[in-house]
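The sequence and the model are shown first, and the description follows.

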Amino acid sequence: VSASLIVGNTDEYRVGFETIETGFLPEDVFEYLKEEKIEIVEVLLERVKGSTSTNIVVLSEISNIISRFFTDNKNVILYFFCDDLNEIPCSGKEIEPQAYRSRLFSAMYNRFTTNHHTQDIENISICIDALGRNQYLHFIVRNHHLKYVEFIQRNIEEVYLK
């Protein structure tokens, strides 16, 4: 599932949602979640075209797209991996791109939940030291699904602390 956001005649963004079935977690974790009827869905954000600086209006619309998907899918936990491959022109060298994106994601989440008076959804951020490079993951989860993200977090820490 994906949605496109076209800004003027110059920029286009795609927000995609993909169910994660394998990858960064062992198979037994996915089996446990499947038994509980919980789905982990990765949020994929891609700039399809353009290079104009992304403003708050565009970020707000991206937040709205993500919110609509989350609202329509009651048994999902959203997962977002902060890209560390593409530089951010305005971030400078004082902060690595992934850390910048992690802060931006959290700021977008906080702004959205404040503006929409949302209280039963959490943004759980996990930072992993992967061979000297920090990797930032975010999970958007309903409060009644927190135990699943805590389970995932413990599993990730066990795998990466070995």
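## The largest nonpolar core

In this predicted model, the largest nonpolar core holds 25 residues, and the members that touch the most others are V15, F17, V43, I62, I66, L78 and I140. Two or more residues of this core come from each of strand 2 (11-19), strand 3 (39-49), helix 2 (56-72), strand 4 (76-81), helix 3 (97-115) and strand 6 (133-142). Helix 2 gives the largest share, with 7 residues.

Another core lies apart from this one; it has 19 residues, including L25, F30, F139 and V141. I140, one of the residues that touch the most other members of the largest core, is in contact with F70, I77, L78, F105, Y109, I121, E122 and N123, when neighbours within four places in sequence are left aside.

## The second largest pocket

Helix 2 and helix 3 each contribute at least two residues to the lining. Sorted by class, the lining contains 9 nonpolar residues, 6 polar residues and no charged residues.

Strand 1 (residues 2-7) and strand 2 run antiparallel and are joined by 6 bridges. Within this pair, I6 is placed opposite E12 of strand 2. The two strands form a hairpin with 3 residues between them, and in this hairpin G8 has a positive phi near 60°.

Strand 2 also pairs with strand 3, again in the antiparallel sense, over 8 bridges. Here T19 stands opposite V41, a residue of strand 3.

## Two loop residues with positive phi

Most residues other than glycine have a negative phi. K37 is not a glycine, yet its phi is positive, at about 60°. This residue is found in the loop between helix 1 (27-35) and strand 3. The relative accessible area of K37 is 64%, which is over the 50% limit, and K37 therefore counts as exposed.

H117, likewise a residue other than glycine, has a positive phi near 50°. It belongs to the loop between helix 3 and strand 5 (121-130). With a relative accessible area of 69%, H117 is exposed.

N155 is part of helix 4, which covers residues 146-160. Is N155 buried or exposed? Its relative accessible area is 12%, and because this value is under 20%, N155 is buried.

Leaving aside neighbours within four places in sequence, N155 is in contact with L25, P26 and V29. Of these, L25 is among the residues of the 19-residue core.

## The chain as a whole

The protein chain has 4 helices and 6 strands. Along the sequence these elements follow the pattern β-β-α-β-α-β-α-β-β-α.

Of the 162 residues in the protein chain, 40% are buried. Among contacts between residues at least 6 apart in sequence, 60% join residues at least 24 apart.

How values were computed:
Residues are numbered from 1 along each chain as its sequence is written. This is a predicted model: local features need pLDDT of at least 70, side-chain atom pairs count only at pLDDT 80 or more; totals for chains, interfaces and linings use all residues. Side-chain values use heavy atoms; hydrogens and water are left out. A nonpolar core is a set of buried Ala, Val, Leu, Ile, Met, Phe, Trp, Tyr and Cys residues joined through side-chain atoms within 4.5 Å. Buried means under 20% relative accessible area, exposed over 50%, partly exposed in between (1.4 Å probe, protein chains only). Contact means heavy atoms within 4.5 Å. Ala, Val, Leu, Ile, Met, Phe, Trp, Tyr, Cys and Pro count as nonpolar, Asp, Glu, Lys and Arg as charged, and the others, Gly among them, as polar. Two strands pair if DSSP finds at least two bridges between them.
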